[in-house]
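Biologist: I would like to learn how to read helices and sheets in a model. Please show me.

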Amino acid sequence: MSEAMLTLQDLEVHFPTKGGVVRAVDGVSLSLRQGEILGLVGESGSGKSTVGKAALRLIDPTGGQVLIDGTDITTARLRDLKPVRTKAQLIFQDPHSSMNPRMTIKRIVGEPLIIHTAIRGAELDQTVARLLERVGLPAQFLHRFPHELSGGQKQRVAIARALAVDPDLLILDEPTSALDVSVQAQILEFLKELHAERPRMTSLFISHNLAVVRFLCHRVAVMYLGKIVEEGPVAQVFSNPQHPYTKALLSAVPLPEATRGAGRIQLEGDLPSPVDRAQGCAFHPRCPVARKGLCDTKAPPRVDTGETWARCHLIGETP
Ligand SMILES: Nc1ncnc2c1ncn2[C@@H]1O[C@H](COP(=O)(O)OP(=O)(O)OP(=O)(O)O)[C@@H](O)[C@H]1O
Ligand SMILES: [Mg+2]
């Protein structure tokens, strides 16, 4: 029996476009153990949301495998995905776009129960009221419509709806980015509590906010142009990042650990297009320590350093 709740094996999502093939996800391998919260970070356009969607087959991967609790969903027929989809729920950044504006909150939260269970009538009402209470919303919200709620309240409703089917796997795509700091903190506290209550529940937490990942996640994976460049326990990666890209990301945020490093590293330019990826290491055109004749020609190896690993030619050599 595998302890992994979610396994991505060489996951690849390539989009053919007029301008060329967009290699949004280009060989991502990750494994989340039961109960674990893994943060997936990286600049805008690095491929995080595409990983999240492909993990639930909302987008069909062009290569590789996805296993949810041991079931390979990449080869499963769509109708066989229903039980897996019940186990796994996706929560988006913008809760409003994922809610039917004409449905009451009661209907929105109750819908997955109607689709996936035999619960009906008074029992359904009670279950929905309990779910709302669990996310900190009073019962009078049952009869409201999405536009009558604040952003934070809507995100709570989205979480209540995801929890309705008692999921084992949550994929949270920037769930607090649209919220102000105090509401964000409440939702994060709540997610932490939820994990403490449900030891089996496993989360892939997509975020560009490193402080949030540090607060909530056990492990972190850093993504750059469709590939994971570093992965490891949050404590290790944040206090001793190995990859120059991770160092640059960390140096840009005010974290206690970051002040001990070599000072702020400025990332030059924007994320290049995933269509014309550079030869060698994809990060070399922006890397402050890239070495000519090596980083611009050869793909970097995976180097393990204790519990973390990173893909870089220069690990152990850079300050
Ligand atoms: N359907 C599509 N067709 C073509 N290209 C796409 C498609 N979906 C995403 N992309 C491209 O794939 C790359 C990764 O996009 P993705 O949305 O996964 O990034 P992200 O890391 O989630 O970014 P953000 O932080 O802005 O949400 C981008 O270059 C994007 O333009
Ligand atoms: Mg995204």
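Modeller: Start with contact: two residues are in contact if their C-beta atoms, placed from the backbone, lie within 7 Å. Helices (H or I, at least four residues) and strands (E, at least two) are DSSP runs, numbered from the N terminus. This is a predicted model, where local features need pLDDT of at least 70, side-chain atom pairs count only at pLDDT 80 or more, and totals for chains, interfaces and linings use all residues. Residues are numbered from 1 along each chain as its sequence is written, while chains are lettered from A and ligands numbered from 1 in the order in which they are written.

Biologist: Which residues of helix H3 are buried?

Modeller: A residue is buried if 20 or more other C-beta atoms lie within 10 Å of its own, exposed if 12 or fewer, and partly exposed in between. In H3 (residues 105–116), the buried ones are Ile105, Ile108, Val109 and Gly110. Their cover includes helix H4 (121–134) and helix H5 (151–163).

Biologist: At what angle do H3 and H5 pack?

Modeller: Axes are lines fitted to C-alpha atoms, for helices over the stretch in contact, and angles run from 0 to 180 degrees between N-to-C directions. For H3 and H5 the angle is about 30°, and the axes are 7 Å apart. H3 is therefore roughly parallel to H5 (angles under 35 degrees count as roughly parallel, over 145 as roughly antiparallel, 65 to 115 as roughly perpendicular and the rest as oblique).

Biologist: What is the strand order of the open sheet?

Modeller: Two strands pair if DSSP finds at least two bridges between them. The eight strands run E6-E7-E8-E3-E9-E10-E12-E11, with mixed pairing. Strands E6 (88–91) and E11 (302–305) are the edges, each pairing on one side only. E6 is parallel to E7 (residues 169–173), with four bridges joining them.
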